[in-house]
Amino acid sequence: MLYNLKEYGEFAEITGYATVTFAKAEKFLKTNRKETEQEVDLQFFDADLIATQDHLYFAVINALQAFKNKTNISKSVAMETILYASGQRQIKKQFNSVA
């Protein structure tokens, strides 16, 4: 599904695929980045580790919001999205609030 995230001036496409495998995922991503004329971030997630499509949608929204607020801890929206999807951002915030 394609989301128009007007508040951020961005689009997000979240699509699930079954039985897709990559022998060398990193090589595929690097090749895609070099051949893309537009600024596009592409990420793949193991579906077994994703709760729902909303899980990824909100990870993207949180990542974009972090960059908007200059509270991001990574250098790219793609990596920030991974951190939110994996819960790493929430874990870090919790440790920082306790310390």
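Hi everyone, one definition to begin: buried means under 20% relative accessible area, exposed means over 50%, and partly exposed is in between, using a 1.4 Å probe and protein chains only. The structure on screen is a predicted model, in which local features need pLDDT of at least 70 and side-chain atom pairs count only at pLDDT 80 or more, while totals for chains, interfaces and linings use all residues. Residues are numbered from 1 along each chain as its sequence is written, and side-chain values use heavy atoms, with hydrogens and water left out.

Let me start with the overall layout. The chain has 4 helices and 2 strands, where helices (H or I, at least four residues) and strands (E, at least two) are DSSP runs numbered from the N terminus. Reading along the sequence, you get the pattern β-β-α-α-α-α. There are 99 residues in the chain, and 23% of them count as buried. For those who like contact order, take contact as heavy atoms within 4.5 Å. Among contacts between residues at least 6 apart in sequence, 34% join residues at least 24 apart.

Now to the strands. E1 and E2 pair in the antiparallel sense, over 4 bridges; two strands pair if DSSP finds at least two bridges between them.

Which side chain does Glu 7 meet in a salt bridge? The partner is Lys 68, at 3.1 Å from N to O. Our rule for a salt bridge is a side-chain nitrogen of Lys or Arg within 4 Å of a carboxyl oxygen of Asp or Glu, and by that rule the count comes to 1. Glu 7 sits in the loop between strand E1 (2–5) and strand E2 (10–13), and Lys 68 is in helix H2 (residues 53–68), so the pair ties together parts that are 61 residues apart in sequence. Glu 7 counts as exposed because its relative accessibility is 54%, whereas Lys 68, at 45%, counts as partly exposed.

Next, the helices H2 and H3. Their axes come within 8 Å and cross at roughly 125°. Axes here are lines fitted to C-alpha atoms, for helices over the stretch in contact, and angles run from 0 to 180 degrees between N-to-C directions. The value makes H2 oblique to H3, because angles under 35 degrees count as roughly parallel, over 145 as roughly antiparallel, 65 to 115 as roughly perpendicular and the rest as oblique. On the H2 side, the residues making the contact include Ala 59, Val 60 and Ala 63, and on the H3 side they include Glu 80, Thr 81 and Tyr 84.

Let's zoom in on H3 itself. This helix covers residues 77–86, and its buried residues are Ala 78, Glu 80, Thr 81, Leu 83, Tyr 84 and Ala 85. Thr 81 counts as buried because its relative accessibility is 7%. Leaving aside neighbours within four places in sequence, what is Thr 81 in contact with? The list is Phe 45, Ala 59, Val 60 and Ala 63. Thr 81 and Ala 63 are 18 residues apart in sequence, yet 5.2 Å apart in space, C-alpha to C-alpha. Leu 83 is buried as well, at 17% relative accessibility.

I'll finish with two backbone details. Most residues other than glycine have a negative phi. Lys 70, though, has a positive phi near 60° without being a glycine. Lys 70 is in the loop between H2 and H3, and at 70% relative accessibility it counts as exposed. After H3 comes Gly 87, whose phi is also positive, near 85°.
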